[in-house]
Amino acid sequence: PYITKRVVDVNFQDMLYLLQNSERGFPLIAMSEDASKVMKDVTTGSCVLRLNTNEFTQILCSLKDMGVSVKIIEEQEMARIGMNTLLGVGKGPRNPSKFVILEWKGRPLSKKSLGLVGKGVMFDSGGISLKPASGMQEMTGDMGGAAVIAGLFKALALRKSKSNVVGFLGLVENMPGGDAMKPGDVIQSLKGDSIEVNNTDAEGR
């Protein structure tokens, strides 16, 4: 029922197809069953009912044991950098917003890297502009983009891919609350734009 859900579904399937079939551009990655399971478990498995920003970050940190560099940027540093739009989305819930940078250096002498961005809205209630109740339970899947990136990096590590890849994951929850972003708020973005919020459920746009 929601546009975000349909987009997540399409991107997830497209990513799997590219990973399994690409012969040009980005190097072929044969997705292992284990790496694919990472994506599926965090978007459709039982853990998705309770997965929050802290718990997903723990899953990402486990990739360190496989040689993936994992950097966690917490809210205080995000505010210092000026990541106000991401912080604005996550003002309502108790769970903190996080920005995670994953890096795989399979070709350290090369200066070329592939950059990937994954949307990680752990639950999207719509915020103050609350979604209809029907179908809201599916909004645990609004972090499907981040889940795809997590599975991809596990695949890179398992394959010991000869490539350099950097992943950027914004992890938030969009919930109502006393401090939540409100329609009419104006946010200064890191880019320097002033953004007037007309609908808190349009966080991805």
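This is a predicted model: local features need pLDDT of at least 70, side-chain atom pairs count only at pLDDT 80 or more; totals for chains, interfaces and linings use all residues.

Q: Ok. How far apart are glutamate 77 and arginine 80 in helix α4?
A: They are 3 residues apart in α4, which spans residues 75-81. That separates them by about one helical turn.

Q: Why does that spacing matter for direction?
A: An α-helix has 3.6 residues a turn, so residues three or four places apart point the same way.

Q: And what do the side chains of glutamate 77 and arginine 80 do?
A: They meet in a salt bridge, at 3.6 Å from N to O.

Q: Is arginine 80 buried or exposed?
A: Arginine 80 is exposed, with a relative accessible area of 62%. Glutamate 77 is partly exposed, at 29%.

Q: How many salt bridges are there?
A: The count comes to 7. One of them joins aspartate 142 and lysine 119, whose closest N and O atoms are 3.4 Å apart. That pair links distant parts of the chain, 23 residues apart. Aspartate 142 is in the loop between β3 and α6, and lysine 119 is in strand β3.

Q: Which of those is buried, and which is partly exposed?
A: Aspartate 142 is buried, with a relative accessible area of 2%. The cut-off for buried is under 20%. Lysine 119 has 31% relative accessibility, so it counts as partly exposed.

Q: What about lysine 191?
A: Lysine 191 forms a salt bridge with aspartate 193, the closest N and O atoms being 3.9 Å apart. Lysine 191 counts as exposed at 74% relative accessibility. Aspartate 193 is partly exposed, at 37%.

Q: New topic: strands. How do β3 and β4 pair?
A: They pair in the parallel sense, over 9 bridges. Strand β3 covers residues 114-124, and strand β4 covers residues 164-174.

Q: Which helix goes with β3 and β4?
A: Helix α6, residues 144-159. Together β3, α6 and β4 make a right-handed β-α-β unit.

Q: How many aromatic pairs turn up?
A: A search of the whole structure finds 1. The rings belong to phenylalanine 99 and phenylalanine 168, with centres 6.4 Å apart. Their planes are at 25°, so the pair is stacked. The cut-off for stacked is under 30 degrees.

Q: Where do those two sit in the chain?
A: Phenylalanine 99 is in strand β2, residues 98-105, and phenylalanine 168 is in β4.

Q: Last one: helix α3. Which residues are buried there?
A: Thr53, Phe56, Thr57 and Leu60 are the buried residues of α3, which runs over residues 53-61. Seen down the axis of α3, they fall within an arc of 105°, so they line one face of the helix.

Q: And what caps the N-terminal end of α3?
A: Asparagine 52 does. One of its side-chain oxygens lies 3.0 Å from the backbone nitrogen of asparagine 54.

Terms used:
Residues are numbered from 1 along each chain as its sequence is written. Side-chain values use heavy atoms; hydrogens and water are left out. Two strands pair if DSSP finds at least two bridges between them. Helices (H or I, at least four residues) and strands (E, at least two) are DSSP runs, numbered from the N terminus. A crossover is right-handed if, with the strands pointing away from the viewer, the path from the first strand over the helix to the second runs clockwise. Buried means under 20% relative accessible area, exposed over 50%, partly exposed in between (1.4 Å probe, protein chains only). The arc is that of the directions from the helix axis to the C-beta atoms. A polar contact is a pair of N or O atoms within 3.5 Å; within protein, one must be able to donate a hydrogen and the other to accept it, and residues adjacent in sequence count only if both atoms are side-chain atoms. Rings of Phe, Tyr and Trp (its six-membered ring) pair if their centres lie within 6.5 Å; planes under 30 degrees apart count as stacked, over 60 as edge-to-face and the rest as tilted. A salt bridge is a side-chain nitrogen of Lys or Arg within 4 Å of a carboxyl oxygen of Asp or Glu.
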